[in-house]
Amino acid sequence: MSGLGRLFGRGKKEKGPTPEEAIQKLKETEKILIKKQEFLEQKIQQELQMAKKHGIKNKRAALQALRRKKRLEQQLAQTDGTLSTLEFQREAIENATTNAEVLRTMELAAQGMKKAYQDMDIDKVDELMADITEQQEVAQQISDAISRPVGFGDVVDEDELLEELEELEQEELARDLLTVGDKEEEPPIELPTVPSTHLPAGPAPEADEDEEALKQLAEWVS
């Protein structure tokens with residue numbers, strides 16, 4: 001090819017298929033090979049039955065059937081090997097595609113992170129955190145100052161307060177004593193009346209009975 005042809009791009013290689021296209025093509029070829037496998041297996045069984053049918057009756061026909069069966073088995077073995085190679089190649093492309101997608105995703109994530117931090121400086125971050133800490137301390141000091149009780153006027157003497165309280169108690173006690181005489185006299189408590197009937201005398205002691213008997217006897221003798 002002349003230099004002009006190379007200069008204007010003649011003879012330029014065509015763009016290869018994408019991984020997705022290659023995977024799709026491999027899957028289609030695998031389907032064809034699987035159908036071929038099924039066909040060869042059927043033919044092998046037919047030739048085997050043909051050899052059994054002729055047997056010793058027609059030895060020549062039986063040998064020809066076995067030869068065809070052997071060639072079919074070789075083709076089946078080649079097809080099996082080709083199918084295994086295509087499956088391995090397809091799986092490799094699928095894994096490569098997955099890895100490439102993962103790498104692209106990681107690259108995008110890295111770019112996004114870089115963009116997120118492009119306007120940030122570690123020194124500025126440290127300064128910002130220091131400012132935030134300082135402001136929090138100031139806010140805490142303000143809160144403590146606001147919540148602290150504040151006294152108005154001079155400090156009150158505790159003894160003076162106790163003395164004033166005692167005077168109030170004395171005035172209250174004197175007021176209570178003055179109001180005692182003004183209260184209405186409470187009615188006396190009525191006690192239950194003693195019954196007027198005499199209770200029967202109990203039995204006299206035994207010595208009094210003997211003395212009464214002797215007195216009656218003396219009166220009778222006289």
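These exercises work through a predicted model of a protein chain.

**Exercise 1. The overall fold**

Task: Find how many helices and strands the protein chain has, and give its pattern along the sequence.

Solution: 
- Step 1. Count the elements. The protein chain has 6 helices and 0 strands.
- Step 2. Read along the sequence. The pattern is α-α-α-α-α-α.

**Exercise 2. The span of α3**

Task: Work out what span the 59 residues of α3 should have, and compare it with the distance between the end C-alpha atoms.

Solution: 
- Step 1. Locate the helix. Helix α3 covers residues 59–117.

**Exercise 3. Arg-90**

Task: Decide whether Arg-90 is buried or exposed, and list what Arg-90 touches beyond four places in sequence.

Solution: 
- Step 1. Arg-90 lies in helix α3.
- Step 2. Recall the cut-off. Buried means under 20% relative accessible area.
- Step 3. Apply it. Arg-90 has 14% relative accessibility, so Arg-90 counts as buried.
- Step 4. List the contacts. Leaving out residues up to four places away in sequence, Arg-90 touches Ile-23, Leu-26, Lys-27 and Glu-30.

**Exercise 4. Burial in α3 and in the chain**

Task: Name some buried residues of α3, and state what share of the protein chain is buried.

Solution: 
- Step 1. Look along α3. Its buried residues include Ala-61, Leu-72, Leu-83, Arg-90 and Thr-97.
- Step 2. Find the cover. It includes α2 (19–54).
- Step 3. Widen the view. Of the 222 residues in the protein chain, 10% are buried.

Key
Residues numbered from 1 in each chain as written. Predicted model: local features only at pLDDT ≥ 70, side-chain atom pairs only at ≥ 80, totals over all residues. Heavy atoms only, no water. Helix = DSSP H or I, 4+ residues; strand = E, 2+ residues; numbered from the N terminus. Buried < 20%, exposed > 50% of the residue type's maximum accessible area, 1.4 Å probe, protein only. Contact = heavy atoms within 4.5 Å. Expected span 1.5 Å × (residues − 1).
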